[in-house]
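Try each task on your own before reading its solution.

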Amino acid sequence: MEHGTVCVTGASGFLASWLIKRLLLSGYHVIGTVRDPGNEAKLAHLWNLQGAKERLRLVKAELTEEGSFDNAIMGCAGVFHMASPVLGHITDPREEIINPAVNGTLNVLRSCKKNPSLRRVVFTSSSSTVRVKDNIDSQIPLDESCWSSVEICERLKIWYVLSKTMAEKAAWEFCNENGINLVTVMPSFVVGPSLPPTLCSTASDILGLLKGEAQAQAQYLRTGRFWLYFFFINFVMKTGETERFYWHGRMGYVHIDDVALCHILVYEHDDAEGRYLCSSNVVDNNELVSILSARYPTLPIPKRFEQHDRPYYELSTAKIKSLGFKFKTIQEMFDDCITSLVAQGHLSIP
Ligand SMILES: NC(=O)c1ccc[n+]([C@@H]2O[C@H](COP(=O)([O-])OP(=O)(O)OC[C@H]3O[C@@H](n4cnc5c(N)ncnc54)[C@H](OP(=O)(O)O)[C@@H]3O)[C@@H](O)[C@H]2O)c1
């Protein structure tokens, strides 16, 4: 297909930077939105990408400002909407995460609606939008027909999952009502090299795990009650870098390059439609640390995690595989991630 101009929101982020790298390598012209175009240190990695000087333009846009994305999106054939608040410390969930994610998505889509050149919008959702529910059958892999329960997310104060679930639902409703061609990609936990100089939340979690920083926190999780984990996460364990590993117990992982390639595949493929889970393998924490410890025996990776009472699940990726996609392995994603952490000076291997 002809490689026209596409917009990527949240361009300076971990995933968006890699997507832009891949889009530029494929010959696209890219308009990236950032909150602070004057922040040279934060954006240098984008300007260093191959093709950036000729085919990348950065434009200021803020999710919470109505009409802020109009200029960036007008004239683009495609929009990759990735900007969204990702975890961190939350004091006011509505203001800090729910509203920017949900109303920000609608804001971006209203700009898309004004653009007569638009072919397709690809929205970055999350695999968490399918798995927070109370009727999981361990025999049946979760697939694109599943939705996390808004009620459970609200009750247990799982704000990030709530924000992604509500934002994706709002996107479907808006696009169906307004005739916008929408496809969503739902990555699991993204692992791989990081282009931005500062580590995003996911990369910090992995660094904490590799440095064994959270071992002491595991003792808090011994009682094994489901609700207690959420209480712990939301009210007690605000500082642990590996909190997500303890919290989930079992997680899907995907290489950052696969996430970018999936986005481009579902943008380009005429038959792509609906939602796409994007995940290589789902593994228990203990399985993960045993793979990593065997591969990196000199790193102080925790030897085992406390087992807790979470439903067993698998993710079905048959839909994206039916478009011809193949995922990289857990080993490849962690090898590439560790190489990048070492190169950026965040980690040293004794
Ligand atoms: N990393 C994962 O494991 C993972 C898994 C599944 C889905 N996702 C999704 O992938 C997307 C990117 O995540 P990431 O891991 O790359 O995180 P990230 O590095 O923190 O990127 C998030 C981006 O969103 C932008 N953003 C946040 N609030 C904004 C606002 N109010 N207005 C404009 N821009 C705003 C940030 O801009 P600033 O740089 O200015 O803060 C940043 O560029 C998110 O939608 C996330 O939910 C991530």
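**Exercise 1. Find what joins strand β1 to strand β2, and trace how the chain gets from one to the other.**

Solution. Start with the bridges: strand β1 (residues 5–8) runs parallel to β2, and four bridges join them. Strands here are DSSP runs of E with at least two residues, helices are runs of H or I with at least four, and both are numbered from the N terminus. Two strands pair if DSSP finds at least two bridges between them. Right-handed means that, with the strands pointing away from the viewer, the path from the first strand over the helix to the second runs clockwise.

Before going on, two notes on the ground rules. Residues are numbered from 1 along each chain as its sequence is written. The model is predicted, so local features need pLDDT of at least 70 and side-chain atom pairs count only at pLDDT 80 or more, while totals for chains, interfaces and linings use all residues.

**Exercise 2. Work out the strand order of the open sheet and name its edge strands.**

Solution. Begin at β2 and step to strand β3 (residues 56–60): these two pair in the parallel sense over five bridges. Here Thr33 stands opposite Val59 in β3. Further along, strand β5 (residues 120–124) and strand β6 (residues 182–187) are parallel too, over four bridges, with Phe123 opposite Thr184 in β6. Put together, the seven strands have the order β3-β2-β1-β4-β5-β6-β9, with parallel pairing. The edges are β3 and β9 (274–278), each of which pairs on one side only. Neighbouring strands of the sheet are turned by 20° against each other on average, direction ignored; the angles, from 0 to 180 degrees, are taken between N-to-C directions of lines fitted to C-alpha atoms.

**Exercise 3. Decide whether Leu56 and His346 are buried, partly exposed or exposed.**

Solution. Count the other C-beta atoms within 10 Å, placed from the backbone: 20 or more is buried, 12 or fewer is exposed, and in between is partly exposed. Leu56, in strand β3, has 21 and is therefore buried. His346, in the segment after α15 (330–343), has 19, so His346 is partly exposed. His346 also lies 9.0 Å from Leu199, C-alpha to C-alpha, although they are 147 residues apart in sequence.

**Exercise 4. Find which residues of helix α9 are buried, and how they are arranged around the helix.**

Solution. In α9 (residues 201–210), the buried residues are Thr202, Ala203, Asp205, Ile206, Leu209 and Leu210. Looking down the axis, they fall within an arc of 155°, so they line one face of the helix. The arc is that of the directions from the helix axis to the C-beta atoms. Just after α9, Gly212 has a positive phi of about 65°.

**Exercise 5. Describe the shell around the ligand.**

Solution. Of the 25 residues around the ligand, Gly10, Gly13, Phe14, Ser84 and Cys200 come nearest. Two or more shell residues come from each of α1 (14–25), α5 (93–113) and β7 (189–191), and α1 gives the largest share, three residues.

Methods:
Near = placed C-beta within 6 Å.
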